[in-house]
Amino acid sequence: MRVLVVEDEQLLAEAVATGLRREAMAVDVVYDGEAALQRIAVNDYDVVVLDRDLPLVHGDDVCRSVVEQGLATRVIMLTASGDISDRVEGLEIGADDYLPKPFAFSELVARVRALGRRATVPLPPILERAGISVDPGRREVIRDGRPVQLAPKEFAVLEVLMRAGGAVVSAEQLLEKAWDEHTDPFTNVVRVTVMTLRRKLGDPPVIVTVPGSGYRI
């Protein structure tokens with residue numbers, strides 16, 4: 001899942017981003033509304049975690065822009081404005097969800113995951129294919145009855161491949177969904193991660209390399 005965190009309190013923004021990355025999400029961070037609009041214009045985000053009171057461009061205008069463009073991106077407003085009237089206004093602007101500060105991080109993760117499911121073709125909560133069972137909510141992987149321990153990026157790559165339902169996923173698509181914007185597009189990190197993932201999933205191999213195209217399960 002690709003997430004954009006838009007928050008002018010830098011310590012909070014980085015804390016939220018770090019926590020979401022630990023949940024195997026690819027996260028970009030910006031600190032004002034203008035930068036948010038620039039990122040949304042060039043990246044395909046599943047969810048935007050959006051502070052409302054932002055410098056340069058107000059969070060409400062960022063949300064309106066997402067709605068007006070007809071993007072599949074879902075918006076959760078994360079803001080100190082927690083009155084009922086503020087929540088209603090935010091939802092009427094076009095936000096998909098609204099979480100007032102202070103908040104429980106576990107609740108934020110659950111809401112971001114729920115919105116991420118709405119940003120894509122609906123799939124069952126447990127992904128199953130080729131003897132592999134993936135529970136994104138619990139971050140659990142089972143291969144033929146055997147639990148498999150994966151690092152966050154390995155889990156993210158596996159989830160993207162499982163969600164593809166047998167279709168080929170290119171290395172560029174994996175970079176887009178499993179890594180943030182600071183990753184060098186010419187790096188071999190995808191190949192290395194897939195290699196490690198294959199080893200951890202064990203035999204017989206289930207991740208197929210399609211020469212010149214990408215990978216599939």
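**Figure 1. Asp-51 is a buried residue, with a relative accessible area of 4%.** The model shown here and in every view below is predicted. Asp-51 sits in the loop that joins strand S3 (47-50) to helix H3 (59-68). UniProt lists Asp-51 under "modified residue: 4-aspartylphosphate", in an unreviewed entry. That annotation may be inferred rather than shown by experiment. Which residues does Asp-51 touch, not counting residues up to four places away in sequence? They are Val-6, Glu-7, Asp-8, Gly-59, Leu-78, Thr-79 and Lys-101.

**Figure 2. Leu-56 has a positive phi in the loop between S3 and H3.** The phi of Leu-56 is about 70 degrees, although Leu-56 is not a glycine. Is Leu-56 buried or exposed? Leu-56 is exposed, because its relative accessible area is 65% and exposed means over 50%. Asp-51 is found in this loop too, but Asp-51 is buried at 4%.

**Figure 3. A cis peptide bond links Lys-101 to Pro-102.** Its omega is near -10 degrees. Pro-102 lies in the loop between strand S5 (97-100) and helix H5 (105-118).

**Figure 4. Val-109 is a buried residue of helix H5.** Its relative accessibility is 9%, so Val-109 counts as buried. Leaving aside neighbours within four places in sequence, Val-109 is in contact with Leu-20, Glu-23 and Met-25. Val-109 and Val-16 are 93 residues apart in sequence. In space, their C-alpha atoms are 9.5 Å apart.

**Figure 5. Arg-2 is buried in strand S1 (residues 2-6).** Its relative accessible area is 2%. Buried means under 20%, so Arg-2 qualifies. The side chain of Arg-2 makes a polar contact with the side chain of Asp-28, at 2.7 Å. Neighbours within four places in sequence are left aside in the contact list for Arg-2. That list includes Ala-26, Asp-28, Asn-43, Asp-44, Tyr-45, Asp-46 and Val-47. Also on it are Glu-176, Lys-177, Trp-179, Asp-180 and Glu-181.

**Figure 6. Helix H8 (residues 189-201) has its buried residues along one face.** H8 holds 13 residues, and at 1.5 Å a residue they should span 18 Å. The end C-alpha atoms are 18 Å apart, which agrees. Which residues of H8 are buried? Val-190, Thr-193, Val-194, Thr-196, Leu-197 and Leu-201 are. Seen down the axis of H8, these residues fall within an arc of 165 degrees, so they line one face of the helix. What covers them includes strand S7 (132-135), strand S8 (140-143) and strand S9 (146-147). The cover also includes helix H6 (152-163), helix H7 (171-178) and strand S11 (214-216).

Figure 7. The peptide bond from Asp-203 to Pro-204 is cis, with omega near -5 degrees.

**Figure 8. Asp-144 has a positive phi in the loop between S8 and S9.** Asp-144 is not a glycine, yet its phi is about 50 degrees. Asp-144 is exposed, with a relative accessible area of 57%. S8 and S9, the strands on either side of the loop, are among the elements that cover the buried residues of H8.

Note on methods: Residues are numbered from 1 along each chain as its sequence is written. This is a predicted model: local features need pLDDT of at least 70, side-chain atom pairs count only at pLDDT 80 or more; totals for chains, interfaces and linings use all residues. Side-chain values use heavy atoms; hydrogens and water are left out. Helices (H or I, at least four residues) and strands (E, at least two) are DSSP runs, numbered from the N terminus. Buried means under 20% relative accessible area, exposed over 50%, partly exposed in between (1.4 Å probe, protein chains only). Contact means heavy atoms within 4.5 Å. The expected span of a helix is 1.5 Å times one less than its number of residues. The arc is that of the directions from the helix axis to the C-beta atoms. A polar contact is a pair of N or O atoms within 3.5 Å; within protein, one must be able to donate a hydrogen and the other to accept it, and residues adjacent in sequence count only if both atoms are side-chain atoms.
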